[in-house]
Amino acid sequence: MQVRYLYALGEYEGGNKRRATDPIWSIGIFDVERTVVVMNQPVLYYLDRSQGGPKRSFVREELQVVPEDTEAPPDFVLQ
């Protein structure tokens, strides 16, 4: 499954604030590498770090599923 993730405060530009012009969702598209299911706890999702995904885990509400036929943006946009 391919997803975009919700940026943490300041993750896109640095600092501890989110600016009005900062994107809310990650620009890149990532594969879910693994999930962790623990009884009476939310399911945790980890993104593929070999694709440049972050080291932290995510809950379902922090991920946006990307349809299969979606093309990734050009590389110059991701820089």
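The model is predicted, so local features need pLDDT of at least 70 and side-chain atom pairs count only at pLDDT 80 or more, while totals for chains, interfaces and linings use all residues. Residues are numbered from 1 along each chain as its sequence is written, and side-chain values use heavy atoms, with hydrogens and water left out.

I begin with the fold. The protein has 5 strands and 1 helix, arranged from the N terminus as β-β-β-β-β-α. Here helices (H or I, at least four residues) and strands (E, at least two) are DSSP runs, numbered from the N terminus.

The 5 strands form an open antiparallel sheet in the order β4-β3-β2-β1-β5. Its edge strands, β4 (57-58) and β5 (63-65), each pair on one side only. Two strands pair if DSSP finds at least two bridges between them. Between β1 (residues 2-5) and β2 (residues 30-36), which run antiparallel, there are 2 bridges; Val 3 has Phe 30 of β2 as its bridge partner.

I turn now to overall dimensions and burial. The C-alpha trace spans about 40 × 35 × 20 Å along its principal axes. Of the 79 residues, 24% are buried, meaning under 20% relative accessible area with a 1.4 Å probe, protein chains only. Contacts (heavy atoms within 4.5 Å) between residues at least 6 apart in sequence join residues at least 24 apart in 41% of cases.

Finally, the charges. There are 9 positive and 12 negative side chains, with Lys and Arg counted as positive, Asp and Glu as negative, and His and the chain ends not counted.

Definitions and conventions. Buried means under 20% relative accessible area, exposed over 50%, partly exposed in between (1.4 Å probe, protein chains only). The place of a charge is taken as NZ of Lys, CZ of Arg, CG of Asp or CD of Glu.
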